[in-house]
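Dear colleague,

I am handing over the structure below, together with some notes on what was found in it. Please read the notes with the coordinates open beside them.

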Amino acid sequence: LLANGRAVMHDTQGANEGTWNQQGGQITLRFFNGRVTYTGMLQNGQVVGTAQNERTTWNWSARDIAAR
């Protein structure tokens, strides 16, 4: 997650830029012009939630990993 609501997702196909916002403990990330949405709650230093695209829904989680 970057400043000014920018987000970058890294997957097997490379890096994709999107947006993010936070309301209380809920974080929402959107990629591919909103066609892929990740929604999650902050829990014990990580975000846990569900994601969906035009075809399916799946569970996801992320945590902060410090650069070494």
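This is a predicted model: local features need pLDDT of at least 70, side-chain atom pairs count only at pLDDT 80 or more; totals for chains, interfaces and linings use all residues.

Thr37 belongs to strand S4, which covers residues 36–43, and, once its neighbours within four places in sequence are set aside, Thr37 is in contact with Thr28, Leu29, Arg30, Thr50, Ala51 and Gln52.

Turning to charged pairs, the structure holds two salt bridges. In one of them Glu17 pairs with Arg6, and the closest N and O atoms of the two are 2.8 Å apart. This pair links distant parts of the chain, since Glu17 sits in strand S2 (residues 14–23) and Arg6 in strand S1 (residues 6–11), 11 residues apart. As for accessibility, Glu17 counts as exposed at 52%, whereas Arg6, at 39%, counts as partly exposed.

A salt bridge is also formed between Glu54 and Arg35, where the closest N and O atoms are 3.9 Å apart. Glu54 lies in the loop between strand S5 (46–52) and strand S6 (57–63), while Arg35 lies in the loop between strand S3 (26–31) and S4, so the pair ties together parts that are 19 residues apart in sequence. Here Glu54 has a relative accessibility of 65% and therefore counts as exposed, and Arg35, with 41%, counts as partly exposed.

Technical notes. Residues are numbered from 1 along each chain as its sequence is written. Side-chain values use heavy atoms; hydrogens and water are left out. Helices (H or I, at least four residues) and strands (E, at least two) are DSSP runs, numbered from the N terminus. Contact means heavy atoms within 4.5 Å. A salt bridge is a side-chain nitrogen of Lys or Arg within 4 Å of a carboxyl oxygen of Asp or Glu. Buried means under 20% relative accessible area, exposed over 50%, partly exposed in between (1.4 Å probe, protein chains only).
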